[in-house]
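Visitor: Could you walk me through the ligand site in close-up? I'd like the contacts, plus the cut-offs behind them.

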Amino acid sequence: MPAITASSPGKVILFGEHAVVYERPAIAVPVAQVKTKVTILAEPLKSPGSVLIESPAIGLHADLDTLPADDPLALAIHHTQAALNVDHLPAMTIRITSSIPVAAGLGSGASVSVALTRALAAFLGNPLPDEKVSLIAYQVEKKHHGNPSGIDNTVITYAQPIFFTRGQPFELIPVAEPFTLIIADSGIKSPTILAVADVRKCWLENQVFYESLFDKIGVITQQARRFISNGPCHLLGPLMTANQDLLKQIGVSCPELDFLITTALDAGALGAKLSGSGRGGNMIALVAPDLAGAVSAALIQAGATNTLITQVLPSKSNC
Ligand code: PMV
């Protein structure tokens with residue numbers, strides 16, 4: 001049997017992180033420059049049920065039945081088995097590689113769940129529809145991120161720009177014209193669960209203030225959606241910077257991210273903000289394509305450990 005492979009991208013949140021946990025809309029786009037790849041090989045000479053998982057990036061080389069029940073990889077596998085009514089797995093080796101930095105706001109966890117679920121379902125001869133893949137990735141996120149909105153698993157499963165409101169059907173956003181983003185890593189690892197829990201604590205202490213911040217972010221996100229769909233996309237820049245001001249008030253920025261954001265703006269970016277849960281991880285800047293190299297160099301000079309330049313491209317229907 002030939003090896004089965006599935007890949008999935010990373011993601012950035014353009015607008016609305018944190019507010020999305022409180023039912024305000026958010027916008028996320030896939031990032032194809034980073035990805036997870038899962039390859040599954042049949043092992044006909046091994047006994048049925050022998051499932052070896054190799055993930056060199058995290059130093060993992062283990063049999064499935066030695067992993068704790070709440071391990072994210074074990075959870076994705078067990079949810080996939082349940083969705084397909086497969087009680088016993090044939091012998092296999094699962095290889096996972098990923099270029100998505102962990103705990104950096106680029107969706108590494110959801111990307112692994114999506115690629116693993118897709119690869120395993122295909123290996124078992126029964127590919128799952130996107131809706132089911134996304135749901136399985138969400139179930140894994142729930143175990144590890146406390147109270148996830150569901151935006152990560154959705155944008156990574158569908159690999160297209162999405163407008164997402166918790167508890168409502170998400171929408172694919174048509175993109176009117178290409179725009180260029182720089183993604184810069186602060187190098188600070190920041191687990192989503194901690195930032196989300198801190199915001200919850202502050203919200204409980206001062207609901208009126210926090211609700212007003214979330215409302216303002218919701219308005220910005222709605223405006224951004226119109227610029228993405230109808231243009232002009234350069235007007236997304238000031239909206240990103242306005243969203244960042246509100247994220248600072250929420251308390252999820254940090255001096256290192258603030259410095260990278262100021263650096264990007266000083267180097268000519270049209271707008272900039274943190275992306276994801278904040279307190280570290282990545283920031284994003286909207287740039288004119290001809291300035292991308294200069295802004296990226298300025299960010300590295302300012303301490304970014306890595307930068308990526310990515311283009312959000314018009315939807316096929318608009319070409
Ligand atoms: O840090 P990330 O990329 O997992 O993004 C978290 C986004 C939040 O809005 C802070 C949480 C959520 O579940 O939407």
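Guide: Here is the ligand site, starting with the ground rules. This is a predicted model, where local features need pLDDT of at least 70, side-chain atom pairs count only at pLDDT 80 or more, and totals for chains, interfaces and linings use all residues. Residues are numbered from 1 along each chain as its sequence is written, and side-chain values use heavy atoms, with hydrogens and water left out.

Okay, the shell: 15 residues surround the ligand, counting a residue if one of its heavy atoms lies within 4 Å. Lys11, His18, Ser149, Thr192 and Ser277 are the closest. By type, the shell splits into 6 nonpolar, 6 polar and 3 charged residues (Ala, Val, Leu, Ile, Met, Phe, Trp, Tyr, Cys and Pro are nonpolar; Asp, Glu, Lys and Arg charged; the others, Gly among them, polar). At least three shell residues come from each of domain 1 (4–164) and domain 2 (175–318), with bounds from an automatic or database domain assignment.

Now the polar contacts, meaning pairs of N or O atoms within 3.5 Å. Ser149 puts a polar side-chain atom 2.5 Å from a ligand oxygen. For His18, a polar backbone atom is 2.9 Å from an oxygen of the ligand. Thr192 has a side-chain N or O atom 3.0 Å from a ligand oxygen.

How values were computed: Polar contact = N/O pair within 3.5 Å; in protein donor to acceptor, adjacent residues only side chain to side chain.
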